[in-house]
Amino acid sequence: MNGDSSVPERPERRRYVPLLYRVAAVNALLLVIAVAVTIVVLDSNRASSFRIDAEGAALIIALLLVVAINVYLVRRVVGPVQALTALARRVDLSDHGERMPVADPASEAGELATTFNEMLARLEDERREATGRVLAGQEAERLRIAQELHDQVGQELTAVLLGLARVEARVPTELRDDVGEVQHAVRGSLEEVRQIAIELRPEALDDLGLQSALAVLCERFSERFGLHVKQELGGQLPELSPDAELVVYRVAQEALTNVARHSGAHEAELTLTPEHGLLALTVTDAGTGLPEGHVPGTGMRGMRERATLVGASLTIDGDVVDGGTRVRLEVSTDGRRSLELTGENGR
Amino acid sequence: MITVQQHTAPYTLGSSGEVTPLRVLVVDDHPAVRLGLLQLLDDQPDFDVVDAACTAEEARSLAEREPIDVAVVDYQLGSRSGLWLTRMLKRLEPAPRVVMYSAFSDGPLAAACVVAGADGLVSKRGAGPELCHAIRAVARGQSRLPLVPPTLAGAMRRRLGSDEQAIFGMLLAGIDPDEIATTLGLSAQSLDSRRWAMLHKLEGLRSDPAGAPLTGGRIRRRRLPGC
């Protein structure tokens with residue numbers, strides 16, 4: 001059935017007789033009428049009766065031939081339209097570059113294909129811009145929240161902690177344990193606020209560059225989740241734009257989060273290696289790998305969008321040799337693009 | 001549970017032989033935290049809080065006027081960082097000891113503190129007894145800086161020039177700056193200017209054309225009113 005409910009985003013398509021058959025049928029009908037008229041005219045003009053066997057056969061063969069040629073020609077005209085429909089249905093704007101082949105630009109079909117390709121390019125550009133704006137807005141918002149958390153909540157909690165330390169020194173001994181418990185709770189909250197602020201904004205990236213920021217990130221995962229991350233951060237790396245650095249950092253962060261939360265592995269490996277013309281980040285774990293028919297979560301989809309924005313490509317291999325998962329990001333180190341993803345300019 | 005240790009051991013002896021309390025300067029731009037620190041440290045019988053400043057510049061001029069034993073400095077001080085203040089305080093004769101405290105007492109900041117010449121780094125979680133202990137420890141000439149993980153130190157080293165890498169390594173190893181200058185054949189001034197340059201690279205902070213002031217903080221913040 002066309003109205004399959006498992007594909008809700010596509011409205012039910014109405015069945016119709018394809019243009020090819022309609023044109024061919026009309027043409028064939030016209031030809032048949034023409035032939036019939038010819039026979040009648042010839043018949044009335046001639047004294048002798050129409051020799052149905054010989055002339056009739058010739059006429060019918062000619063008729064079939066003309067219909068076949070007609071179908072062939074119509075198919076050539078309609079073919080590109082069908083190809084266009086198929087492409088329009090499957091095209092994925094986040095996966096750039098798929099285009100309609102233009103056989104003959106100086107024809108209606110060619111012009112249609114060219115126009116369609118131009119429209120695709122425009123849509124892709126607009127989408128890239130819109131995604132860039134959304135992500136830049138998201139980064140700016142994260143920065144703002146991290147600052148608020150740090151400047152307001154963090155400072156207030158610190159002041160509370162200082163006050164409690166004073167109180168503790170003054171209260172009678174039997175109340176000290178109670179004050180200690182409150183102090184413990186406040187310390188926990190302060191730590192939580194700090195963790196959230198750090199996750200929201202990779203502050204080490206702004207100040208220390210990608211390699212140090214990744215080293216800090218790995219340390220934090222071992223501290224927080226007991227995940228030991230073996231790091232190979234390369235030597236001298238080619239310089240990336242701030243946008244690309246942020247993408248590399250966020251992909252590493254997301255990949256390690258997935259390892260810590262889902263893979264069941266206690267060890268992972270993070271490498272950052274320069275290869276000719278590009279910088280490759282890989283995060284590999286020895287966990288359970290991806291389940292059959294795995295659908296990437298919003299986190300990873302977001303990563304892919306980000307990667308596309310800076311001209312990078314992201315591959316996820318759910319079945320590496322030792323059964324785990326490998327995330328690989330390749331960032332081109334030439335032809336930088338600035339999309340103001342870092343959010344600093346969005347403020 | 002940690003309790004406040006009521007320390008009475010003499011740190012500095014006056015000419016008459018009686019205990020002189022440690023002269024402490026508090027520097028924080030957040031009013032509530034500044035007040036909290038002031039009160040907490042003032043409660044300690046062995047501390048004498050000389051003053052509380054809310055900007056790095058104010059703290060610097062205060063320290064120039066009055067001798068200070070230990071400066072307790074918030075890392076994030078609005079327009080200028082606690083690291084800038086540390087370098088400035090360390091130029092004074094005699095140089096006060098400096099305890100930095102921050103929400104981020106992690107590897108990168110520890111490394112920056114080593115380069116700036118701070119003597120201690122305390123997390124804001126340790127605001128209270130831990131801070132008091134650290135102040136006493138640095139006053140005795142000890143160091144209270146957390147360790148910098150080796151991978152991080154390696155990654156940070158790559159951002160520096162080759163002679164700076166040597167200085168960075170020696171500072172992390174806890175070698176005395178005078179000794180470093182002698183080993184590398186540098187004057188005290190040129191070692192000082194290299195430390196400034198390293199701070200700029202390690203912190204990614206901006207400097208004005210004169211090169212000296214470090215601005216901002218890891219999460220760049222607005223100036224708070226009333227400060």
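User: Is the crossing of H2(B) and H3(B) left-handed or right-handed?

Analyst: This is a predicted model: local features need pLDDT of at least 70, side-chain atom pairs count only at pLDDT 80 or more, and totals for chains, interfaces and linings use all residues. Residues are numbered from 1 along each chain as its sequence is written, while chains are lettered from A and ligands numbered from 1 in written order. Helices (H or I, at least four residues) and strands (E, at least two) are DSSP runs numbered from the N terminus. With right-handed meaning that the near helix is turned clockwise from the far one by less than a right angle, the crossing of H2(B) and H3(B) is right-handed.

User: How do H2(B) and H3(B) run relative to each other, roughly parallel or roughly antiparallel?

Analyst: H2 (residues 56-65) and H3 (residues 82-89) of chain B pack at about 15°, axes 10 Å apart. Angles under 35 degrees count as roughly parallel, over 145 as roughly antiparallel. So H2(B) and H3(B) are roughly parallel.

User: Which residues of H3(B) make the contact with H2(B)?

Analyst: Contact means C-beta atoms, placed from the backbone, within 7 Å. H2(B) brings B:Ala56, B:Ala59, B:Arg60 and B:Ala63. From H3(B) come B:Trp84, B:Leu85, B:Met88 and B:Leu89.

User: Which peptide bond is cis, with omega near -5°?

Analyst: Most peptide bonds are trans. B:Pro94 sits in the loop between H3 and strand E6 (97-102) of chain B. The cis bond, omega near -5°, runs from B:Glu93 to B:Pro94.

User: How many residues does the largest nonpolar core have?

Analyst: A core joins buried Ala, Val, Leu, Ile, Met, Phe, Trp, Tyr and Cys through C-beta atoms within 7 Å; buried means 20 or more other C-beta atoms within 10 Å of a residue's own. Among the residues with the most contacts inside the largest core are A:Val251 and B:Ala71. Its size is 121 residues.

User: Which helix gives the most to this core?

Analyst: The largest core also counts B:Val24, B:Leu25, B:Val72 and B:Ile135 among its residues with the most contacts. The top giver, with 11 residues, is helix H3 (residues 108-170) of chain A.

User: Which helix gives the most to the side of chain B that touches chain A?

Analyst: The contact takes 32 residues from chain B and 37 residues from chain A. Helices H1 (31-43), H4 (107-116), H6 (150-157) and H9 (188-203) of chain B each give two or more residues. The most, 7 residues, come from H1(B).

User: What percentage of chain A is buried?

Analyst: Chain A has 7 helices and 5 strands. Of its 347 residues, the buried share is 29%.

Terms used
Two residues are in contact if their C-beta atoms, placed from the backbone, lie within 7 Å. A residue is buried if 20 or more other C-beta atoms lie within 10 Å of its own, exposed if 12 or fewer, and partly exposed in between; C-beta atoms are placed from the backbone. Axes are lines fitted to C-alpha atoms, for helices over the stretch in contact, and angles run from 0 to 180 degrees between N-to-C directions. Angles under 35 degrees count as roughly parallel, over 145 as roughly antiparallel, 65 to 115 as roughly perpendicular and the rest as oblique.
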